[in-house]
Amino acid sequence: MACANNDNSVNSTSESSSDLFEDAVERLDTPYCLGNAPYTRWNPLKAITQRSFGQHRTHPSTLCTETASAHSMVRRLKLRYTLDGHQGCVNAINFSPCGTLLASGSDDLNIVIWKWMEQRPLLTFDTKHTSNVFQARFMPESDNSVLISAARDGLVRAHIIRSSGVVADSRRVALHKDPAHKLAVHRTLPNTFLSCGEDGLVQEIDLRTTRPNKLVYVRNNRATKIPLYTIQMNPERPHEFAAAGKNRYAYIYDKRMTGDNSELSYLKKFCPDSLVNENLCDSFNSITCLAYSYDGRELLCSYNDDDIYLFDSTHSSGSNSIRRYEGHRNNQTVKGVNFYGSHSEFVVSGSDCGHVFIWDKSSEKIVQCMDGDTAGVVNCLEQHPSAPVLAVSGLDHDVKVFTPCSLLPTSLGKLEHIVTSNKKERDTEREEIEAGGEIPNEYYIYYRRLRRILRRAGGNEDEDGDNNNNNNPSDNSDSDDSDTDMGQLPGHLRCDPP
């Protein structure tokens with residue numbers, strides 16, 4: 001009997017060890033982003049009472065700051081307003097400096113200025129661009145009377161709006177030889193801003209002059225011009241800007257020191273160590289968007305077909321990332337990324353799965369996941385300048401505005417399925433690519449395009465069509481395809497998946 005008991009004990013121990021091993025493996029397979037983030041305790045009733053009785057020792061705006069930064073408010077973000085006024089994908093959104101207005105630019109070549117809280121357009125006007133509008137921004141300190149725009153036609157335009165609501169002028173202020181994607185403004189510069197395009201050129205534009213200043217052509221280590229998709233000025237140092245595109249590196253420049261004749265004009269460049277030695281071509285890990293934190297000390301980069309990485313911009317050139325945010329999918333279009341919260345406490349991004357992801361910046365955990373686009377892809381995300389409000393857009397022909405109006409926190413019951421599906425889809429496609437060895441970039445482009453056609457043939461015919469880019473500047477269709485899918489990045493038209 002003693003032997004039998006020993007045998008049963010051994011079997012029980014073996015089964016227990018096997019179960020523990022399986023649990024450990026399952027935990028290892030679970031994405032890190034699915035854990036619980038540290039919870040910020042904040043009592044809104046107590047905070048409002050303290051402000052009402054003057055018990056706040058700091059400025060009254062502290063209440064708004066605490067509200068935007070509270071996990072309980074982020075978890076209660078819910079679709080509040082839908083702004084429907086475009087006839088194409090919405091590629092650009094921007095709140096006015098005071099936050100009362102919202103501008104949106106679209107493939108329909110129009111810019112709409114919204115009274116977003118009233119869900120009505122204040123003004124809709126033709127931008128005079130000949131192809132898809134990629135960027136629309138209010139100029140600071142202009143009383144919302146000056147907007148700037150950039151488009152696929154390579155033009156950068158300034159639009160002057162009278163107080164009567166009439167567009168007084170829409171003039172060309174700069175030209176890129178290839179599509180112009182982003183414009184960078186600074187709150188202290190009411191007349192000057194930066195533009196970047198796929199020609200690799202960064203220009204400084206002064207609305208008081210007739211000619212832009214060509215600051216620098218961004219080049220890789222082979223002195224080849226890098227097509228640019230994103231640019232932003234440092235909020236605390238307006239002479240500093242970061243630019244990135246069809247390359248693994250984000251480059252930081254000081255515009256007082258730039259010069260086209262200098263091959264090493266950048267101050268710093270950053271790339272995650274995990275991507276530095278990748279065998280894949282640069283375009284596989286292109287940076288689709290970058291963003292500075294509120295104090296300019298951190299730089300956020302979203303990589304195509306990879307994750308989002310956070311860098312300390314004060315570190316030396318070549319330093320590794322300090323944070324990594326995973327769970328979304330940045331593959332089909334030029335995804336935006338941004339900070340959320342008055343002190344950049346959160347990271348927010350769209351995804352190919354149609355969801356908006358919000359991560360706690362410090363813990364890298366997902367704290368919110370919302371439906372953001374019925375057509376399936378969220379591209380643009382913009383935080384209100386002073387309130388806990390988030391505007392998003394994508395393939396849908398509207399703008400969606402989220403506010404913390406939900407009575408209960410958003411349920412994240414389906415989050416694990418969404419995250420694992422995104423990861424599996426990405427891993428599968430990369431394994432198929434890598435199984436064939438290192439292939440020329442043009443073949444990889446056609447492979448990706450073929451995969452998309454096959455997916456649509458399987459039941460997604462309701463998506464926009466696949467049009468070839470024949471460099472016709474009058475092409476303003478709702479689709480976004482280019483002669484180089486990843487080589488030029490999906491970027492010629494923002495809305496159409498590659």
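This is a predicted model: local features need pLDDT of at least 70, side-chain atom pairs count only at pLDDT 80 or more; totals for chains, interfaces and linings use all residues.

Analyst: Happy to. Residues are numbered from 1 along each chain as its sequence is written, and side-chain values use heavy atoms, leaving out hydrogens and water.

User: Which side chain meets D427 in a salt bridge?

Analyst: In general, side chains of opposite charge can pair when their charged atoms come close. The rule for a salt bridge is a side-chain nitrogen of Lys or Arg within 4 Å of a carboxyl oxygen of Asp or Glu. Here K423 pairs with D427 at 2.8 Å, N to O. K423 is partly exposed too, at 40%.

User: How many salt bridges does the rule count?

Analyst: The count is 17. Another one joins E204 and K255 at 2.9 Å, N to O. E204 is buried at 18% relative accessible area, and K255 is buried at 19%. D306, D307, R324 and R426 form a network of salt bridges.

User: What lines the largest cavity?

Analyst: Rolling a probe the size of a water molecule over the atoms shows where empty space is left. On a 1 Å grid over the protein atoms alone, a cavity is a set of points where a 1.4 Å probe fits but cannot get out, and lining residues have an atom within 4 Å of a point. Among the lining residues of the largest cavity are D307, K423 and R426.

Conventions:
On a 1 Å grid over the protein atoms alone, a cavity is a set of points where a 1.4 Å probe fits but cannot get out, and a pocket is an open set with protein on both sides within 12 Å along at least five of seven lines; lining residues have an atom within 4 Å of a point. Buried means under 20% relative accessible area, exposed over 50%, partly exposed in between (1.4 Å probe, protein chains only).
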